[in-house]
Amino acid sequence: LLRSQLKTPALLVDMDAMEANLRKMAAFFAEGPTQLRPHYKNHKCVALARRQLAHGAVGITCATLGEAEALSRSGIQGILLANEIASPTQIERFVQIARVTDIMVGVDNERAVSALSAASAQAKVPLSVVVDVDTGMGRCGVLPGAPALALAQQAVAQGLSLRGLIGYEGHCVRLEPGPAKNEAVQQAMGKLFGTANLIRSHGLAVEIVSGGGTGTYSISGRIPGVTEIQGGSYLLMDTGYQAICPDFALALSVLGTVISRTGNERLILNIGLKEISAERGLPVLKNTAGAKLRKLNAEHAIVEILNPDLTVQIGDQLELWVHYSDCTVNLHRHMFGIRNGQVEETFLLES
Ligand SMILES: Cc1ncc(COP(=O)(O)O)c(C=O)c1O
């Protein structure tokens with residue numbers, strides 16, 4: 001199948017770019033003591049998760065029970081659900097996964113620890129937790145130091161398996177690369193491994209100390225005391241991230257068809273907010289000089305023609321670079337792997 005034969009809109013991945021990103025990140029982690037447990041939420045693709053594992057990843061991180069279920073169904077082990085679960089239904093789903101899968105979940109509240117402990121005892125399924133520490137992001141997480149220690153002690157006392165700590169330094173990701181960013185990441189990760197050492201000094205084992213994303217991997221991934229990094233966007237990348245982290249190549253785009261042209265004024269593509277995210281900024285056209293995306297409606301992309309010599313006509317196909325991969329991938333069931341203008345592989349996206 002040729003790319004030009006695909007039904008549009010279609011989510012595309014440039015196989016050469018994706019594979020280069022895969023190898024580059026693997027090489028970074030091959031050199032250091034810190035390991036990679038890449039985030040699934042960015043691609044939601046089990047086939048890509050398997051490729052990351054084949055390139056040295058120690059497991060897969062995810063954000064939701066649905067993602068964990070998709071990974072578990074495929075037999076993937078070493079899942080880190082780097083998020084909180086709270087309701088009885090959520091805990092029951094987690095127990096079902098834990099019956100057949102090595103999986104751990106974040107905890108930041110004593111009620112959750114008690115509920116997980118009770119569910120574990122009732123189902124006779126051992127459950128693994130990581131204490132989620134707020135390293136400054138201000139989202140989930142217990143405070144570092146004594147509050148995290150108390151939660152870790154409670155987890156162990158109530159029969160849960162304490163695997164370690166997580167603490168994603170999301171507040172540092174968007175800082176300009178440079179000394180101030182390095183310092184902010186060092187501080188955040190210092191709180192995390194400082195807490196790990198405190199817990200160890202009270203006689204508990206802390207195997208995993210996990211944080212880091214694509215915007216901080218090169219700093220956090222070289223901090224002694226941090227054992228793993230959770231970055232995931234590096235594999236497909238997007239134009240939002242490229243400004244922060246130019247280490248990796250853009251691989252993700254959406255293919256559309258030009259369905260209207262109004263003189264030398266504008267083109268309309270059949271790609272809208274239902275196919276591509278504009279939450280964090282407007283996407284830009286790939287390989288198309290002389291035109292600029294101005295607006296996205298639900299079903300339409302409105303493109304201004306800047307150069308009247310632009311030869312694009314209705315029926316032609318154009319691509320938009322994805323600006324925010326996380327919130328675009330979830331809008332698609334399939335992603336088409338493109339090499340040399342051919343569809344090499346069709347990826348199923350699951351959660
Ligand atoms: C818990 C957690 N870990 C890691 C990441 C980093 O992922 P990325 O590679 O997209 O920066 C995120 C992103 O939001 C996250 O929420």
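Residues are numbered from 1 along each chain as its sequence is written, and side-chain values use heavy atoms, with hydrogens and water left out. Because the model is predicted, local features need pLDDT of at least 70 and side-chain atom pairs count only at pLDDT 80 or more, while totals for chains, interfaces and linings use all residues.

The ligand is surrounded by 14 residues (a heavy atom within 4 Å of the molecule). Thr-214, Gln-230, Gly-232, Ser-233 and Tyr-241 are the closest. By class, this shell holds three nonpolar, nine polar and two charged residues (Ala, Val, Leu, Ile, Met, Phe, Trp, Tyr, Cys and Pro count as nonpolar, Asp, Glu, Lys and Arg as charged, and the others, Gly among them, as polar).

An N or O atom in the side chain of Tyr-241 is 2.3 Å from an oxygen atom of the ligand. The protein buries 89% of the 390 Å² that the ligand exposes when taken alone (Shrake-Rupley method, 1.4 Å probe).

The ligand takes up the space of the largest pocket (on a 1 Å grid over the protein atoms alone, an open set of points where a 1.4 Å probe fits, with protein on both sides within 12 Å along at least five of seven lines; lining residues have an atom within 4 Å of a point). More than half of a molecule's atoms must lie within 2 Å of the grid points for it to sit in a pocket. The largest pocket contains about 840 Å³ of space (the volume filled by probe spheres set on the points). Its lining comprises 39 residues, of which Lys-41, Met-137, Arg-139, Tyr-168 and Asp-326 are the closest to the centre. Two or more lining residues come from each of β4 (79-84), α9 (239-242) and α10 (326-329) (DSSP runs of at least four residues for helices and at least two for strands). The largest share, three residues, is from β4.

The peptide bond from Thr-8 to Pro-9 is cis, with omega near -5°, and Pro-9 lies in the segment before β1 (10-14).

Notes: A polar contact is a pair of N or O atoms within 3.5 Å; within protein, one must be able to donate a hydrogen and the other to accept it, and residues adjacent in sequence count only if both atoms are side-chain atoms.
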